[in-house]
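Thanks for coming. I have one chain to go through today, so please look at the screen first.

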Amino acid sequence: MLWLLFVSFLTLTACGQSDNQGSGSDGETTEPQPIEVALQVPEQAESGDSVSLTAKVTQGGENVEDAEEVEFEVWQEGTKEESELIEAEYQGDGIYGIEKSFEVEGTYVVQSHVTARQMHIMPKKSLVIGDSDTTKVNEGEHGQDSHEDSDHHHADGLTVQLDSPEAIKVHEDSKMTVSINQEDEPLTGANVTLEISFDENENPQWIDLNEEDSGSYTGNVTFAHPGSHAVNIHVKKGELHSHQETAIEVEE
């Protein structure tokens, strides 16, 4: 009997140690560090030249070599609906890139879409081709497109609508619903994510939505700050990748 009690004690001790693996000293699971993207885009280039566009992806100072998806979206200022999406190739040392030539002079926006380790980030910069007199877009690495600020967006035959409570309170769960139609039919089976930003110096909050009804995706969001928040709705299904930007107000 004493031997059986001793063996049982050892088994319980081992299980307790196994259960605590991956947790901090207080038993809570450690949050993963956010991924960071250093987007490299030249300020200016000549028309017809091949331009190198790269994004270095890191997490906690370490290179990310297993990003799920890295794409570059490129469009001339004012023509976002005609943007071109190009898949990047891994070049080593956490760097993903493409080579692209621009035939028409003007100001272009380059935005990298990086999905890695269950996180998504979309820095962007502007590029002037030729001796364009067009004012350069000063969007920064985490800026928003100024010409897309409505609750509805049409691209690839999509209609995207965000429904939120009339009164959104800070520190309270708020149910967000995104309704998506394509060619007047509900878009089902899509991956829909909300990217919510309050301060450009803070990392955005990412909320994955679940499809409750055909073409209707919902999720709860808790806001830590009162004031205006930028909301970027990402919609992905197969080759389809679209996003809409809007804003919501959060009360005290």
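Which residue lies over the face of W75? That is K80, at 4.7 Å from the ring centre.

Now the overall figures. The chain is made of one helix and 21 strands. Of its 252 residues, 40% are buried. If we take contacts between residues at least 6 apart in sequence, 61% of them join residues at least 24 apart. The exposed surface comes to about 14600 Å², and 44% of it is supplied by carbon and sulfur atoms.

On to the cores. In soluble globular proteins, nonpolar side chains tend to be buried together. Here the largest nonpolar core has 26 residues. L53, V70, F72, F102, V114 and L127 have the most contacts inside this core. Several strands give two or more residues to it, including β1 (35–40), β3 (50–59), β5 (69–76) and β9 (106–116).

What does L53 touch, leaving aside its neighbours within four places in sequence? Its contacts are Q40, V41, P42, F72, V74, Y96, G97, I98 and V110.

Y96 on that list also brings us to the aromatic rings. The structure holds two aromatic pairs. In one of them, the ring centres of Y90 and Y96 are 4.7 Å apart and the planes are at 50 degrees, so the pair is tilted.

Last, confidence. Mean pLDDT for the chain is 80, with 77% of residues at 70 or more. Over residues 12–23 the pLDDT stays under 50, and the model has four contacts for that stretch beyond four places in sequence. Residues 133–154 are also below 50, and this stretch has 63 contacts in the model beyond near neighbours in sequence. Where pLDDT is low, the predicted coordinates should not be read in detail.

Notes: Residues are numbered from 1 along each chain as its sequence is written. Side-chain values use heavy atoms; hydrogens and water are left out. Helices (H or I, at least four residues) and strands (E, at least two) are DSSP runs, numbered from the N terminus. Buried means under 20% relative accessible area, exposed over 50%, partly exposed in between (1.4 Å probe, protein chains only). Contact means heavy atoms within 4.5 Å. Accessible areas come from the Shrake-Rupley method with a 1.4 Å probe; for residues, only the protein chains shown count as cover. Rings of Phe, Tyr and Trp (its six-membered ring) pair if their centres lie within 6.5 Å; planes under 30 degrees apart count as stacked, over 60 as edge-to-face and the rest as tilted. A charge sits over a ring if NZ of Lys or CZ of Arg is within 6 Å of the ring centre and within 35 degrees of the ring normal. A nonpolar core is a set of buried Ala, Val, Leu, Ile, Met, Phe, Trp, Tyr and Cys residues joined through side-chain atoms within 4.5 Å. pLDDT is the predictor's confidence in each residue, from 0 to 100.
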